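Please keep the sequence and the model in view while reading.

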Amino acid sequence: MDTITFIRPDDWHLHLRDGAAMASVVNDSARQFARAIVMPNLQPPVTTVAAAEAYRDRILAALNPALDFDPLMTLYLTDDTSAVEIARAAASPVVHAVKLYPAGATTHSDQGVTDLSRVTEALEAMQEHGLPLLVHGEATGEDIDVFDREQVFIEQRLQPLLRDFPALRIVFEHITTADAVDFVRDNDPERLAATITPHHLLINRNALFRGGLNPHHYCLPVAKRERHRQALLAAATGTPRRFFAGTDSAPHARGAKESACGCAGIYSAHAAIELYATAFEQAGDFTHFETFMSTAGPAFYRLPVNSATVTLRRDSWTVPDTLPFGDGEELVPFMAGQVLHWKLQQESRQ
Ligand code: DOR
Ligand code: ZN
């Protein structure tokens, strides 16, 4: 098999940043994907429909006009999000979901939710209007081991959420453990789905420490043991519908990563489709590649599947060591300097 032609995919979890940083990354995503669920963790966060619309306009203004890309916006849930704002979001054609960051869980999450009991009104409004909740599934707290945060979140937060809001539809974002895979499989596919990143399919936690501390493999949730990576690979390649692509591509300037306190986030938008293909090739099974990349996500979000197709060709190429980023900075993309064996054929876009 030397080429794979499939429905043009979408990225169901993406960080685009803002300003000059956004302008330097957005076209990488637009070259690969038709649509992307855009994360709201700007500073200040995108907490209102008006802010989401303004952010969407800035993204569209930075787009290469030759590319066809639709940013699907999200709101950042805070302790103060009102039912009125949720109703407004549900009525807006540009807002597609609301993101829950437990306060303190990750980059720019300080205005996140401090306690789920404070967002009851918003969650009730979301289930009433059918607006999906996207969860950063990590419990916070100094007493919780960083590698256990996802399991603890499932027990302490996700199970109660599904129980207490029986019509709420949830995407468990960027899952990293076998526990999360099992939990998603054991629940109703109409109510719970999960995104999986290319980096969590391709690296385990050894990659953080191989040959010295590697900040470019640091993201949140942090990569786990090999057995968890294998479970993710099996889920992506073997369980259509419940799991779909969401890169969590999260660019940070090189200096912010290679620092005494390096930021969490891995940039994968430069080669996202090729990276997913690399993972599927590792599993030796492309049967459900199109479902994972292009049809399971729209089904969960109740959006049409894209009509264009794209083609991947077997072709070896080397990922650049760095890419330009923002005002005169650079970023180090995932798998910098390494050879990939699939390449997206650009002419195939309609
Ligand atoms: O690694 C991460 N980076 N995880 C997140 O949840 C946020 C993201 C970012 O915004 O940099
Ligand atoms: Zn993210």
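Strand β3 (residues 35-38) pairs with β4 in the parallel sense over four bridges; strands are DSSP E runs of at least two residues and helices are H or I runs of at least four, both numbered from the N terminus, and pairing requires at least two DSSP bridges. This is a predicted model, in which local features need pLDDT of at least 70, side-chain atom pairs count only at pLDDT 80 or more, and totals for chains, interfaces and linings use all residues. Residues are numbered from 1 along each chain as its sequence is written, and side-chain values use heavy atoms, without hydrogens and water.

**Strands around β4**
- I37 has L72 in β4 as its bridge partner.
- β4 (residues 70-76) has six of its seven residues buried, that is, under 20% relative accessible area with a 1.4 Å probe, protein chains only.
- β4 also runs parallel to strand β5 (residues 95-100), joined by four bridges, and T74 stands opposite A97 in β5.

**Aromatic pairs**
- The count is 14 aromatic pairs, taking Phe, Tyr and Trp (six-membered) rings with centres within 6.5 Å; planes under 30 degrees apart are stacked, over 60 edge-to-face and the rest tilted.
- The F153 and F172 rings form a tilted pair, because their planes meet at 40°, with centres 6.3 Å apart.
- F153 in helix α5 (residues 149-164) and F172 in strand β7 (residues 170-172) are 19 residues apart, and both are buried.
- The rings of F280 and F289 are edge-to-face, since their planes are at 75°, with centres 4.9 Å apart.
- Ring pairs link F6, Y276, F280, F286, F289, F292 and W342 into a cluster.

Methods. Chains lettered and ligands numbered in written order. Buried < 20%, exposed > 50% of the residue type's maximum accessible area, 1.4 Å probe, protein only.
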